[in-house]
Amino acid sequence: MLVMDLSFFAVAGPAVIFAGISKGGFGSGAAFASAAMLALVIEPGQALAVMLPLLMLIDVSTLRPYWKRWDPEAARLLILGAVPGVALGALLYRVTEPDHFRVLIGAIAVGFVAWQYAVRRGLLAGPRAQMSPAAGAAAGVAAGFTSFVSHAGGPPAAVYLLSKKLGKTEYQATTVLVFWIVNIGKFIPYAWLGMFTADTALANLYLAPFALLGAWLGVRAHTLVSERFFFGLTYVLLTITGGKLIWDGLF
C-alpha cells in the first residue's frame with residue numbers, strides 16, 4: 001500500500017523536479033538521487049516503480065530540444081550494452097529483499113560521490129584517452145544494470161561519454177537519447193515483475209506536473225546555471241540519502 005500523505009509529497013515533489021532538472025539539462029547523472037530520496041519514505045520497489053513512468057515523461061519532453069544533436073556511435077554502443085544490463089537487473093530483482101535494495105541504492109549513491117571526489121582531488125585518474133568501443137559497450141551494460149535496480153545509469157554512461165570529449169550539448173543530447181531507449185526497455189520487465197500498481201499509477205498522475213516542470217527548468221538551466229553549483233548540491237543530497245538508506249537497510 002502506497003500512502004500518499006503530506007510527507008510523501010514533501011519528498012516526492014522536489015525529488016521529481018530535481019530528476020527533471022538533471023535529465024533535462026545536466027546529463028542525467030544526478031537523476032537517481034530522486035529514487036534514493038523517495039526510498040526514504042516508501043519501499044524501494046515502489047520508489048523505482050513510481051519514478052520510471054515519470055522519467056519516461058521527462059525523456060519525451062526533452063527529446064525535441066536536443067533532437068539529432070547527439071553522438072550516434074556513442075549512443076549506439078551504450079544502448080546495445082544496456083540490453084543485457086537491464087536483463088541482469090531484472091534477474092537480480094526477483095531474488096533480492098527490499099533491505100538489500102536499500103543498501104545497494106545507498107552504496108551506489110555514496111560510491112558515486114566518493115568517486116567524483118577522488119577524481120577531482122587527483123586521488124584517482126579520470127578518463128583521459130578516448131575509451132574503446134568495447135569499453136563503451138561495457139559501460140552500457142553497467143548503465144543498464146544500475147538503471148534497472150536504482151535508476152542510476154547516468155554515472156557509468158558518463159565515464160564513457162566524458163572520455164570522448166563531447167561538447168556540453170552533444171553530451172546532454174546523447175544521454176537524453178540513450179536513457180529514453182533504456183527506460184522504454186525497462187518498462188516491460190517492471191510490469192512483468194508486478195512493480196506497477198493502481199497506487200503507483202495514481203502517484204504518477206499527481207507527480208506528472210512536477211516532472212514536466214523539472215524538465216522545462218533543466219532545458220532552460222542547461223545554458224544558464226553553473227554545473228558546479230548543481231552538482232555540488234547533488235553530491236550533498238546523494239551523500240545524505242545514500243547514508244540513510246544504507247543505515248535503514250542494515251539496521
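Lys68 lies in the loop between H3 and H4, in a model that is predicted. Although Lys68 is not a glycine, its phi is positive, at about 60 degrees. With a relative accessibility of 65%, Lys68 counts as exposed, because the threshold for that class is anything over 50%.

The loop between H3 and H4 also holds Trp70, and Asp71 is placed in the loop between H3 and helix H4, the latter spanning 72-94. In contrast to the exposed Lys68, Trp70 is buried, its relative accessible area being 15%, and Asp71 is likewise buried, with a relative accessible area of 12%. Both values fall within the buried class, since that class takes in relative accessible areas under 20%. When residues up to four places away in sequence are not counted, Trp70 touches Glu170, Ala173, Thr174 and Leu177. For Asp71, with neighbours within four places in sequence left aside, the contacts are Lys164, Leu166, Glu170 and Thr174.

Aromatic pairing was examined next. The count of aromatic pairs comes to six. In one of the pairs, Trp67 and Trp70 are arranged edge-to-face, with 5.1 Å from centre to centre and 85 degrees between the planes; this pair is assigned to the edge-to-face class because its planes are over 60 degrees apart. Elsewhere, Phe148, Phe187, Tyr190 and Phe196 form one aromatic cluster.

The largest nonpolar core comprises 61 residues, and Phe8, Val50 and Met51 are those with the most contacts inside it. Helix H3, covering residues 44-63, supplies the largest share of this core, with eleven residues. For Val50, once its neighbours within four places in sequence are left aside, the residues in contact are Leu2, Leu38, Ile42, Thr200, Ala203, Asn204 and Leu207.

Helix H6 (residues 133-150) packs against helix H7 (residues 154-163) at an angle of about 160 degrees, and their axes are 7 Å apart. H6 is thus roughly antiparallel to H7, a term that applies because the angle is over 145 degrees. The crossing of these two helices, H6 and H7, is left-handed. On the H6 side the residues involved are Gly136, Ala139, Ala142, Ala143 and Thr146, which meet Pro156, Ala157 and Tyr160 in H7.

In the second pair, helix H1 (residues 6-25) and helix H8 (residues 168-192) pack at an angle of about 120 degrees, with 8 Å between their axes. This arrangement makes H1 oblique to H8. Lys23, Gly24 and Gly25 of H1 make the contact together with Gln172, Val176, Phe179 and Asn183 of H8. Helix H1 also contains Leu6, which counts as exposed at 73% relative accessibility. Between the C-alpha atoms of Leu6 and Ala36, which are 30 residues apart along the chain, the separation is 18 Å.

A further position considered was Ile246, which is found in helix H10, residues 227-250. Ile246 counts as partly exposed at 24% relative accessibility, because this value lies between the limits of 20% for buried and 50% for exposed residues. Ile246 and Leu104 are 142 residues apart along the chain, and their C-alpha atoms are separated by 7.7 Å.

How values were computed
Residues are numbered from 1 along each chain as its sequence is written. This is a predicted model: local features need pLDDT of at least 70, side-chain atom pairs count only at pLDDT 80 or more; totals for chains, interfaces and linings use all residues. Side-chain values use heavy atoms; hydrogens and water are left out. Rings of Phe, Tyr and Trp (its six-membered ring) pair if their centres lie within 6.5 Å; planes under 30 degrees apart count as stacked, over 60 as edge-to-face and the rest as tilted. Buried means under 20% relative accessible area, exposed over 50%, partly exposed in between (1.4 Å probe, protein chains only). A nonpolar core is a set of buried Ala, Val, Leu, Ile, Met, Phe, Trp, Tyr and Cys residues joined through side-chain atoms within 4.5 Å. Helices (H or I, at least four residues) and strands (E, at least two) are DSSP runs, numbered from the N terminus. Contact means heavy atoms within 4.5 Å. Axes are lines fitted to C-alpha atoms, for helices over the stretch in contact, and angles run from 0 to 180 degrees between N-to-C directions. Angles under 35 degrees count as roughly parallel, over 145 as roughly antiparallel, 65 to 115 as roughly perpendicular and the rest as oblique. A crossing is left-handed if the near helix is turned anticlockwise from the far one by less than a right angle, and right-handed if clockwise.
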